[in-house]
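Subject: Structure handover

Hello,

Here is the structure for your files. My notes on it follow below.

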Amino acid sequence: MHVRDLYDEAVAGMLARPVRSALTTLGTVLGITTLVVTLGVAATAGNQIVGRFDELVATAVTVEVPRNAHKPLVTWDAVDRLTRLRGVESAAAVSESEEGTNLSVRSNDLVDPTRVTARSLTVLAATTGLPQAVRGRMVQGRFYDAGHVQRADRVAVIGDETARMLGVTRLDRAPAIFIGKHAYTVIGILGDLGREKNLSSAVVVPPTVGSRFGLRDVTRVLVNTSLGAAGLIAGQAPAALSPGNGDMLQVISPPSPTRARDKAQDDVNALFLILGLVSLVVGAVGIANVTLVTVMERVPEIGLRRSLGAARRHIAAQFLLESTLIGLVGGVIGASLGVVVVVAIAATKQWTPLLDAWLAVAAPVAGAVVGLLAGLYPALRAARMEPVDALR
Amino acid sequence: MEAAVEAAVEAAVEASAEATRGPVIELVGVCRSFPAQPPVLALDDVSLRVDRGDYLAIIGPSGSGKSTLLNVLGLLDRPSSGSYRLDGTETTRLRDGARTRLRGDRIGFVFQSFHLLSHRSVVENVMLAEIYRRQGRKGRRERALTALERVGLGNRAGFAPNLLSGGERQRAAIARALLGTPSLLLCDEPTGNLDSRNTEAVLGLFDELRDQGLTIVVITHEREVSERAGRRVRITDGVLVEE
C-alpha cells in the first residue's frame, strides 16, 4: 500500500465525520493549551520577576560599619576610593546615631499652642552622592555639594515626607528649619527613593555639620553596582573602605538572581503542569473512546477493505493514522491558542512574552503522540476483526 | 519474511498464468465444520470445478451453507479439510498475508448491501479497489472511469452514492469489483436489495460480462437470477448437487 494512499484514506476517514472529529480534538486542544500557557506564562513571569530583582535589589550592596572606640573604621573620604572600583555605579557614606534620632525639628520659631509645630525626626549625615546611592531624585532644589561640606554650611536636605510634615512647600525663599536651637537653610527636597525609603522622613546634613548631633563616624555605606557586579563588589568593598580592617565590616549583598527565578517558576509550574497533563489524559481517553465507536460503526467498511486485499496491518495503520492526525490537529490548535493566550496575558500586564521556540514544535508532536497512544487499542480491535465476521 | 511470502505468491501467480487454460476454481473434498455441541458441518465433502468464462449460480435455502461456501471461495475462510485451487494455486496451505494478497488480486466481490462508502464519490469508491495492490497510483482515476463506463455509469462518476438508485449503486460496486481484471467475480445475493427493474439491469450486465469472458459465481435464492446462469448447483445441508 502506498503511503500517500494510507494518508488519503486516513484523512478521508477523519473528514467523513467532521463535527465528531472536531469535538474529539477538544480534549487534546485543552490539554495542549494548558501546557503551553503554563510553560509560557511561567517563563514570562519568571523573566519579569528577575527583571524587577535586577532593578531594585540585585545591584544594591550595603556595608555596615560597627562602632570603634579609638579610631573610626571607615573615614568619610573612603567613599571616593570605593567609587573608583569598576562595577560601582554610585556610593554614599551615611552616619546615623542614637543622638541623631528623635530630634525636635520645626519650621519656625513661633509658639502656637493650637498646633503641633515640632516634629520628632531623624537627622543623619551623608556624603554628597546620597541621591544617586538611594536611587532617588531631587523633587525640588538641589543636594549640597563638596563646597557646602568643606565650608560646613548650615544647610539641610529634607525628605519629601519631612517637607510635608513641616509644611515646607517651596524653596525659592530659602526657608529655614530649626533642629534643636539652630536654624538650617533647606536647599533641597529628596524624593522617589528606590532604597532606604525611611530617608523620606529624615533630615540630611553635611558630615561636617553632623558632628553637632553626634554624627561623627560613618556607620553605613550604600553602594549600587552595575548588573552582575554585586557579588564582586561585595567582596572588594571592605578592603577599599577600610584597608587593614576590612574583615570587621559587615557586607549585605543581594541573593543570587538565578535562584529567585527557579523558585518563582517552580511555584507556578507544578500545579498547572499537573492540570495540563490531566487534560491530556482526558483528551486521550476521549480520542480512544470515539475511535473505538468509529471502529464499531465502520465494521462493514473494514470487511470491504479486507475483501479488497487489505492486510490486518493496513487496517491498523489506517485507524492509527486517523487518531494520530486528530491528536496532531488538536496539538496544533492547542499550541496556537496557548501562544495567543500567553501573548495576551503578557500584553495586559505589559510584560515581554517569553516562549521557548521548541515549545511550538513539541506541543503538536505531543498532541500527535497522545492521538497515537489513544488509537492503539481501537486500531488493534479493528485489525483483529475476522473479515467473515466484519462482512456479516 | 514478508518478501519471501510475496515471492512465493509471485511464483504461484506466474505458474497459474501458464495454466490459464485450467479451471479458475477447483474444490476437492472440502469440509468446513464449526465447533459446537454437536459440531456443525456447514460444508460436507464439497467438490466443484468452475472453468474460465463460466457463469455459475449457487442456490439453496438459508442455512444450507451458501455463505460458508462463498467465504471459502472468497478466501475469507479456511476449509477444515480438502483442497481449494484458485487459478491453479493451492490456497489452503497459504499464509494469511498471501491469501489476503491473492484475494485482492484475483477476486472481485459484489455484496448484497453494496458496501459503498457514503462519504466518497462513486469514482473514489471504485478507485478504492486498487489501493491495496501493487499497482501504482498513476492512471488510477482513468482506470476507474473506464470500469464505470463498462457498467454504464460513466455519467455518474462524481456523484455521492446515496444519490444513485439501488441498481446504479450495485453497478458501481460491480465496477469496483472489475477494477484490476479479477479472475473471478464473486457475488453474494447481488439483487437481494433491488426491485425487479434494477434486478433486470444488473442481470443484463452479468450477461454482458460473461460474454466478455469473465468468470462469475452468483450465490442467490432467487429463481429469476439463477435461471439466467449457464450452470446451477444446489446446496442443501452442506451437500452440493449439480442441477
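Over residues 357-377 of chain A, what are the percentages of helix and strand, and how many Å apart are the end C-alpha atoms? The chain there is 100% helix and 0% strand, with 33 Å between the end C-alpha atoms. Helices (H or I, at least four residues) and strands (E, at least two) are DSSP runs, numbered from the N terminus.

Before the rest, the conventions. This is a predicted model, in which local features need pLDDT of at least 70 and side-chain atom pairs count only at pLDDT 80 or more, while totals for chains, interfaces and linings use all residues. Residues are numbered from 1 along each chain as its sequence is written, and chains are lettered from A and ligands numbered from 1 in the order in which they are written.

Chain A

The unreviewed UniProt entry lists residues 270-295, 316-345 and 357-377 of chain A under "transmembrane region". UniProt positions are given in the numbering used here, feature names are shortened, and annotations may be inferred rather than shown by experiment. Residues 316-345 of chain A are 100% helix and 0% strand, and their end C-alpha atoms are 43 Å apart.

A:Glu98 sits in the loop between strand S2 (88-95) and strand S3 (103-106) of chain A. A:Glu98 counts as exposed because it has 7 C-beta neighbours inside 10 Å. The scale is: buried with 20 or more other C-beta atoms within 10 Å of the residue's own, exposed with 12 or fewer, partly exposed in between, with C-beta atoms placed from the backbone. A:Phe213 is 115 residues from A:Glu98 along the chain, and their C-alpha atoms are separated by 9.2 Å.

Contact between the chains

Chain A gives 18 residues to the contact and chain B gives 21 residues; two residues are in contact if their C-beta atoms, placed from the backbone, lie within 7 Å. On the chain A side, helix H1 (3-16), helix H10 (299-307) and helix H13 (387-391) each supply at least two residues. The largest share, five residues, comes from H1(A).

Chain B

Chain B contains eight helices and ten strands, and 45% of its 243 residues count as buried. Six of the strands form an open sheet of mixed pairing in the order S6-S7-S8-S3-S9-S10 (chain B); two strands pair if DSSP finds at least two bridges between them. Strand S6 (107-110) and strand S10 (239-242) of chain B are the edge strands, each pairing on one side only. S6(B) runs parallel to strand S7 (residues 184-188) of chain B over four bridges, and B:Ile107 stands opposite B:Leu184 in S7(B).

Regards
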